[in-house]
Amino acid sequence: DILDTAAVTVIRRAADLVLADLQRLAAAAAILAERHRATLTVARTLLQQAVPTTFGMKAAGWLNASLDAGESLSRTTRERLAVQLGGAAGTLAALGSNGPAVLEGLGGALGLPVPLTPWHSDRSRLAEIATSFAMAAAVAGKIALDVSLLMQTEIGEAFEPAGAGRGISSAMPQKRNPALSITALASARRAAAAVPVMLGVMIQAHERGLGTMQAEWLTLTELLRSSAGAVASMAEVLEGLEVDESRMRDALVSSRGL
């Protein structure tokens with residue numbers, strides 16, 4: 001009961017941090033979408049030039065995905081977090097007739113909803129919340145991949161914000177590596193890898209599983225950390241993204257009007 005309730009309070013605080021950075025990410029994408037609503041560029045499908053679009057349209061896609069991720073995370077943490085107090089096997093028998101009142105009091109003191117029944121062996125709450133965190137990280141990862149590809153030497157249409165020593169190669173001085181996007185991509189993949197574990201933990205025996213909640217502990221820690229890292233990294237990238245409009249026009253010309 002104590003470990004589950006503690007995990008819920010940690011998740012709630014982590015969600016506040018990630019939601020704040022998702023708002024930063026969305027706000028930065030909105031600025032780019034407005035600023036570049038008429039900036040012609042090439043849309044790419046299967047990594048090949050497709051048809052003309054605007055860079056504002058690409059940024060608008062980032063904006064919508066960020067808003068959707070924020071809505072999902074906000075909803076699941078609001079509706080699915082709950083206090084845990086069930087006693088040894090979920091009956092609250094040790095508290096006698098005072099059990100329900102104690103449960104209500106604990107939930108009220110912590111500002112957490114009270115579930116209809118203990119969720120010792122029903123981990124669907126945490127699995128759903130974990131998926132929302134991983135989705136937020138995946139949105140950041142998608143943006144990170146776009147930015148990384150735009151930074152390629154042969155493309156050079158957009159760049160992460162420069163910083164002292166950031167993205168510099170120790171062996172090849174001509175390189176400008178997508179350092180923050182690399183962080184976001186690695187974090188997003190680690191967050192995605194945590195979801196199958198959290199879903200697997202749902203398969204529990206009777207009133208208390210074996211080797212299940214124990215599998216959650218490190219997995220949940222890694223998931224929260226990775227999700228926060230991915231979103232924060234890409235919020236910083238979009239807030240300072242450097243866009244080369246002339247390179248975008250050059251790419252349009254290279255297809256000879258096709």
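Along the sequence, the chain runs α-β-β-α-α-α-β-α-α-β-α. That pattern holds 7 helices and 4 strands. Helices (H or I, at least four residues) and strands (E, at least two) are DSSP runs, numbered from the N terminus.

This is a predicted model: local features need pLDDT of at least 70, side-chain atom pairs count only at pLDDT 80 or more, and totals for chains, interfaces and linings use all residues. Residues are numbered from 1 along each chain as its sequence is written, and side-chain values use heavy atoms, without hydrogens or water.

**Overall dimensions**

The chain has a radius of gyration of 23 Å, whereas a compact globule of 258 residues would have one near 18 Å. The radius is taken over C-alpha atoms, and the globule rule is 2.2 Å times the number of residues to the power 0.38. Along the principal axes, the C-alpha atoms fill a box of roughly 80 × 40 × 35 Å.

**The α2 and α4 pair**

Helix α2 spans residues 55-80 and helix α4 spans residues 124-150. Their axes come within 9 Å and cross at roughly 165°. Therefore α2 is roughly antiparallel to α4 (angle over 145 degrees). Axes are lines fitted to C-alpha atoms over the stretch in contact, and angles run from 0 to 180 degrees between N-to-C directions.

| Class in the α2 and α4 contact | Residues |
|---|---|
| Nonpolar | 13 residues |
| Polar | 6 residues |

Asp, Glu, Lys and Arg count as charged; Ala, Val, Leu, Ile, Met, Phe, Trp, Tyr, Cys and Pro count as nonpolar; the others, Gly among them, count as polar.

Note on methods:
Angles under 35 degrees count as roughly parallel, over 145 as roughly antiparallel, 65 to 115 as roughly perpendicular and the rest as oblique.
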